[in-house]
Amino acid sequence: MEATTTTGPNRHVGRAIRRKEDPRFITGTGRYVDDLTLTGMLHMAIVRSPEAHARITSIDTSEAAAHPGVVAVYVAEDLPFEGGIPMVWAPPGVEVNAPDHMPLKSGEVKCVGDPVAVVIGSDKYGVVDAAERVIVEYEPKPAVVDPEGALEDGSPLVWEGFGTNKTHEWAVSGGDIDAALAASDVVLEHRIVNHRTAGAAIETRGAFAEWNGHTITLTSSTQIPHITRFILSGVLGIAEDRLRVIAPDVGGGFGSKLNTYGEEALVCAVARKLGRPVKWIETRTENMAYTHHGRDQIAYVTMGARSDGRVTGVRARLICDLGAYFQILTAFIPELGFPVAGGCYAFDAIDLNFTGAFTNKFATDAIRGAGRPEMTHWVEVMMDRLARELDLDPAEVRRRSFIPKEKFPYETPLGIVYDSGDYEGTLDKMLAMLDVEGFRREQAELRAEGTYRGLGYSTYTEVCGLAPSRAVGPQGVGLQAAFYESATVRVHPTGSATVYSGASPHGQGHDTTFAQIAADRLGLDPEVVDVIHGDTNTGPFGKNTYGSRSLAVGGEAIAIAAERVQEKAKRICAALLEAAPDDIELADGTFRVLGQPDKSMAMAEIAGAAYIPPQELPTEIEPGLEETAFYDPENFVFPFGAHACVVEVDADTGKVRVVRWIAVDDCGRAVNPALIDGQVHGGVVHGIGQALYEQVVYDADGQLVTGSFVDYALPTAAELPSFETDRQETPSPVNSLGVKGVGEAGTIAASPAVLNAVVDALRPLGVDYIDMPLTPMRVWQAIEASTRGVAPAGDPPPDSEGGR
């Protein structure tokens, strides 16, 4: 279905134009890290630990160094750094046990995949062969992989120097939770596992460094070139002006490239040491082991409600597996979901407690949604459990606790101000598309035939548009940085334009949407607006792409800069047409005098006058047509929506099939509806993947079981239905565009909708909950346990998340 979309003043914003960047991608002419080649280029392979926890007793590199084509073999002592990968963001007001995270390890390894040496040579395959000839002797130590077990007394310590596996504990609350629960007619408690997943981008990480005797140029498959330059300047001990970071075309990130990694520091250090270009391309196995993972939380949730279904309050104690090291955001990613702990609902009280745990696994950090999917998952699962407890319709239970649209902006018990919302609007539109009565009739008929079909809902809200600085910076939650975004808009003498953005895309379509925003304000066609990004040496300093911030923060910066260019263009036009600047309007792609459409100028004419000023142009108007803007918003933005999932479960095998998906999302005003649909589709698939297929698994000894796509299952088109999408537009008052984010919305909504649908399908069989992923084995075991009263023989051992 097609929703009504508000178009921009020149009708580019709001149109579903085709993506400008797609031709190069679909014709194979994109430019990725591995496409780069320079004369004299060397390749780097990394020797990684096969042990989850061990002391390094010796490293013999002699045989590797003698291998044909090898130029050098280095261990930690050969490549000194000023420091390791730093913890940039942590919860405020608490002490955090932050371990050293050096690019190469010495003394001990803490997880499988830890790098202990690098081999440098002229042949990409030769260095891999040589790396196998590095002899490393280890003295194994006990490993711990269960976060709850890690917090028990007597557990093996990942870092003995801390004397504990607890990384930190942080709490936040609002309202009187004890009073809210005491006043409740029903109180539910449940343990909910949100297991470990991988980003699994189609392009693995890669880094290419060149040293020219004074500066380093690093080309990396990263989401954050500007942030990476800042961090690596400290790790490498080099001034920022001597380090250039370029993000070329990036083949997906999903948060897994929202980081600065040790391998990036290694290629820079090796290139500087040898004076030659060095390239490293990650293998899929390395990607699964040593590109950060996501999720891995256990939530103990208490929810109270009145007998009519209105929720009074929630309390959650969360155990968060952070792995053995911290990447730049690791310590705060679990807590990043706290602003939406109340979901779409007017809870009276919210009480949250987060405990981080070290384990002998690689670090967790931001994966699509970053704390918000985890928070939404347990909120929405508990809403369905409440509906079943009270024998009420799950949609109606949600409706009774919704924040009314007339209450916005709405301050939650935690002091978070939701900008705008109309939750009943998206729910009603989704239910109309669904036809619940028709589904329930069909469900009953199919059950009579032995087919188990179920319906699950998820009504979510999301905090995104990361910024404002005063909320996330030193005066807020403690990040030692500001989170504005920047843009420069330049109109050339011939009337075409270039936009320089601090945002750095990895598949979102920035080249198209940013061009639409600028074109609307410049009186141009988007086809003549070029968008430049991902290079720290071009354009102003930026804060890059993550947290669904590109449009709400980066797009607004472009809008502001373009508006400034427009104002100058109006002054030039007014001078040349002998009119007042206030009498010039931009309409239908031309600048014209109000009420006199025959007196007009195209942007190309104005730009020519800006660069070659005619006699009539006043001297106080400076030459050129270019403006820069930095935008730091006053608040976050809060998109929302309602999703419905219909599944069919084979009770004999446990296989779950998603047969229908309806998504109604509200991300404020739409800039490009086609791109919104694409983001929703991708996000939903990501969430379905976690709910049914994907799981990073370590065995009890800390060995990674899911080291490739043979073991780590991903959904394909064959497992998915065609998605039915629609939109509602509730503009955000935070920015002039009225936009909110959408890149993570589908992922945040999806996993509870799937789980709720499966439980709905299996209610006649007595199943009321299953931990994700809902694999055939787990579903079949749940059916067997419910119908027979005991788990079947041959039950596999618990995985690292504490489930089966």
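Visitor: Let's start with Cys645. Is this residue buried or exposed?

Guide: In this predicted model, Cys645 is buried, with a relative accessible area of 0%. Cys573 reads likewise as buried, at 0% relative accessibility.

Visitor: And how many disulfides are there?

Guide: The general idea is to look for pairs of cysteine sulfur atoms within 2.5 Å. Here the count comes to zero disulfides. Take Cys645 again: the nearest cysteine sulfur belongs to Cys344 and sits 18 Å away, so with a cut-off of 2.5 Å Cys645 is in no disulfide.

Visitor: On to charges, then. How should I think about salt bridges?

Guide: Side chains of opposite charge can pair when their charged atoms come close. In this structure, the tally is 49 salt bridges.

Visitor: Pick one for me. What does Glu139 form a salt bridge with?

Guide: Its partner is Arg55, and the closest N and O atoms of the two are 3.0 Å apart. This pair links distant parts of the chain: Glu139 belongs to strand β6 (residues 135–140), Arg55 to strand β2 (residues 54–60), and the two residues are 84 residues apart.

Visitor: Where do those two stand on accessibility: buried, partly exposed or exposed?

Guide: Glu139 counts as partly exposed, at 39% relative accessibility. Arg55 is partly exposed too, with a relative accessible area of 37%.

Visitor: Which residue does Arg196 meet in a salt bridge?

Guide: That would be Asp296, at 2.6 Å from N to O. As for accessibility, both Arg196 and Asp296 are buried.

Visitor: What about Arg453 and Glu648: how far apart are their closest N and O atoms?

Guide: They are 2.4 Å apart, and the two residues form a salt bridge. Arg453 is in strand β18 (residues 452–461) and Glu648 in strand β26 (residues 640–649), so here the parts tied together are 195 residues apart in sequence. Both Arg453 and Glu648 are buried.

Visitor: Those were pairs. Which residues are linked in a network of salt bridges?

Guide: Have a look at Arg48, Arg205, Glu263, Glu282 and Glu286, which are linked in such a network.

Conventions: Residues numbered from 1 in each chain as written. Predicted model: local features only at pLDDT ≥ 70, side-chain atom pairs only at ≥ 80, totals over all residues. Heavy atoms only, no water. Buried < 20%, exposed > 50% of the residue type's maximum accessible area, 1.4 Å probe, protein only. Salt bridge = Lys/Arg side-chain N within 4 Å of Asp/Glu carboxyl O. Helix = DSSP H or I, 4+ residues; strand = E, 2+ residues; numbered from the N terminus.
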